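Biologist: Put the model up, please. I'd like to go through the labels and hear what stands behind each of them.

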Amino acid sequence: MGDEASMPRGAEGNESCSAERLSNGRLKDEYYKPIPPDIFAPKPGDQILDIGIVGAGIAGLAAAIALVQSGHNVEVYERSRFAHEIGAAINMGPNACRALKFFEFDFERARPTPLQHLRYFNGKSLETSRNVILPDCAKSYGHAFLLYHRADLHSELKRTATQPRPHTSKVAKINLLSEVSDIDLDGVIVLADGRKVHKDVVVVADGIRTRAASKVVGTKENLDALPTGTIAYRFLVPTEKLLKDPRTRHLFDVDKHAINIAPAGVDHRLVWYPCRGGDLQNFGYFIPDELEGYENETWNIPASQKEFMKSASSLHPDLQAVCEKAEDLKLWRLCSRSKPLPTLVKEKVVLIGDAAHPMLPHQGQGGAMAIEDGAALGVLLSSIKSKNEIPARLQLFQDLRIDRVSAMVVFSSVGQDEAARIADVARQYVKGPLPQCPEDYHVYNFTPNVIRDAIELLERYKAENIGPANHNASLPS
Ligand SMILES: Cc1cc2nc3c(=O)[nH]c(=O)nc-3n(C[C@H](O)[C@H](O)[C@H](O)COP(=O)(O)OP(=O)(O)OC[C@H]3O[C@@H](n4cnc5c(N)ncnc54)[C@H](O)[C@@H]3O)c2cc1C
């Protein structure tokens, strides 16, 4: 773990305590109390499982980290050579950062930028319509809200999974250039070169283009994520370049890191925020999808600067000056399933991350849900006494995750300022009041502590099924 004293201001994981109650009724200091990273180190009599993970994106790596932390033998099969993650940023709310902290993730190495506020303004006139000052997330939710370059987050996850950590000496094995062509529900992974490997549990984390969802759900229905009618130009610009130009300088306050949301008419929206310690600004310009071709691409569609500038012509001239500086310009076709999956597990197979719940970017929680999934799996497959318990343990994963990820899929389908549009669909997944505005969504998204929730669920399961004398992973008091 990095030296927290030298981390960017506000980036530290500060577990401040108070007698305050959270929106879920829990006492904040008790619910967010740090959980020792070695709590699930195997004890005598614990069964070590052989676990195969398909895909080494955010979800696969998070699961690898958490499952190794619980003592299992973990092998990951990744089809690419891992050259680099896509050139874009990702935000990690406190709900994901608390799990990263439990993973002994080195925050400092990954160079996050702490987020302080959300700014809504008119993309044509630059008039500010709303400025949402975020609560001090470290105080309110036990951890700061951090913005990352995806490559930085991904390489630090990879390092955490494959190198010994202060409290976990075991590491995961990642096989690169290992495309998986099929999986069997009884724990077989079929590789594209014809090899078959047998595992106690198969974690499918191969992203939005997965082929495994229909198998797990047990349907012939097409469960592919399909285009939603929106496409985004995404690009990065070094902050220094923007500060040098008098037309763009006034748009960037380097001391107050913000997510900026600038609609320009009904269906054009420029969104940006900083990453890599504030050195880079990450942009997405969302417009109607009129592109032909590239049916199988989602994130990395080639883009032309000339076409981009044409479509940006409705933006204020100062925002057009920002767009002129675009580097690493790509198109991102936004895809999703028509509805959330009814199940995430079957026999020895579990779906996580975008394979389980692809979502649009409006909540910025797709990667965070992938990290929560991995963390939950690590806890719920810990301290297992017999392989016969695997189906029951995977069922616990289903019970813990299905409403949370389904609600997030639905919430993510519209902007945080458009809650009324999805209220009826969201209702079935949410106990209690539905979020109505950005502030409500923050409470809903950031409050749950997935690791503590998983520990408590596992405790209840053990008390009901095994009896209190025979289990050994007890909740830290
Ligand atoms: C531009 C952009 C911005 C985003 N911003 C945010 C944000 O701010 N906050 C947030 O929380 N989320 C964000 N998201 C969503 C988030 O990035 C995804 O939810 C997350 O990356 C999903 O991770 P994953 O591991 O499930 O899938 P992926 O990242 O797609 O990883 C899947 C992995 O599986 C591998 N693979 C695929 N098929 C096979 C196969 N057959 N065999 C072996 N390996 C295979 C792939 O090579 C890949 O490495 C954003 C997404 C995009 C595109």
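Modeller: R333 has its place in strand β18 (residues 327-336). Strands here are DSSP runs of E with at least two residues, helices are runs of H or I with at least four, and both are numbered from the N terminus. Mind that this is a predicted model: local features need pLDDT of at least 70, side-chain atom pairs count only at pLDDT 80 or more, and totals for chains, interfaces and linings use all residues. Residues are numbered from 1 along each chain as its sequence is written, and side-chain values use heavy atoms, with hydrogens and water left out.

Biologist: Why is R333 counted as buried?

Modeller: Buried means under 20% relative accessible area, exposed means over 50%, and partly exposed is in between, using a 1.4 Å probe and protein chains only. R333 comes out at 6%, so it counts as buried.

Biologist: What does the side chain of R333 reach?

Modeller: The backbone oxygen of Y294, at 3.2 Å. A polar contact is a pair of N or O atoms within 3.5 Å; within protein, one must be able to donate a hydrogen and the other to accept it, and residues adjacent in sequence count only if both atoms are side-chain atoms. At 3.2 Å, the R333 pair falls within that limit.

Biologist: Is I90 buried or exposed?

Modeller: I90, in strand β3, has a relative accessible area of 9%, so I90 is buried too.

Biologist: What makes L126 and S383 worth a look?

Modeller: Their backbones. L126 has a phi near 70 degrees, a positive value in a residue other than glycine, and is found in the loop between β5 (117-121) and β6 (128-133). S383 isn't a glycine either, yet its phi is positive at about 45 degrees; look for S383 in the loop between α12 and α13 (390-411). Relative areas are 18% for L126 and 7% for S383, so by the under-20% rule both are buried.

**Rings**

Biologist: How many aromatic pairs does the structure hold?

Modeller: It holds 17. Rings of Phe, Tyr and Trp (its six-membered ring) pair if their centres lie within 6.5 Å; planes under 30 degrees apart are stacked, over 60 edge-to-face, and the rest tilted.

Biologist: Why is the pair of F145 and F446 called edge-to-face?

Modeller: The ring centres are 5.2 Å apart and the planes stand at 90 degrees, so the pair is edge-to-face. F145 lies in the loop between α4 (137-141) and β7 (146-149), and F446 in helix α15 (residues 438-446), so the pair ties together parts 301 residues apart in sequence. Both residues are buried. Elsewhere, ring pairs link F121, Y233, F235, F252, W272, F283, Y285 and F308 into a cluster.

**Strand β15**

Biologist: How do you know that β15 is mostly covered?

Modeller: Seven of the seven residues in β15 (residues 269-275) are buried. On one side these are R269, V271, Y273 and C275, and on the other L270, W272 and P274.

Biologist: What makes β14 and β15 a pair?

Modeller: Two strands pair if DSSP finds at least two bridges between them. β14 (residues 258-263) and β15 have four, in the antiparallel sense, so they qualify. One of the links joins N260 to its bridge partner W272 in β15. β15 and β16 (residues 280-288) have seven bridges, also antiparallel, and there L270 has Y285 as its bridge partner. In the hairpin of β15 and β16, with four residues between the strands, R276 takes a positive phi near 45 degrees.

**The ligand**

Biologist: Which residues come nearest to the ligand?

Modeller: E78, N91, R150, D354 and G367, out of 29 around it; near means a heavy atom within 4 Å.

Biologist: Which backbone atoms lie at polar distance from the ligand?

Modeller: A polar backbone atom of N91 is 2.8 Å from a ligand oxygen, and a backbone N or O atom of G364 is 2.9 Å from a ligand nitrogen. A polar backbone atom of A368 is 3.0 Å from a ligand oxygen. Taken alone, the ligand exposes 1,000 Å², and the protein buries 89% of that, by the Shrake-Rupley method with a 1.4 Å probe.
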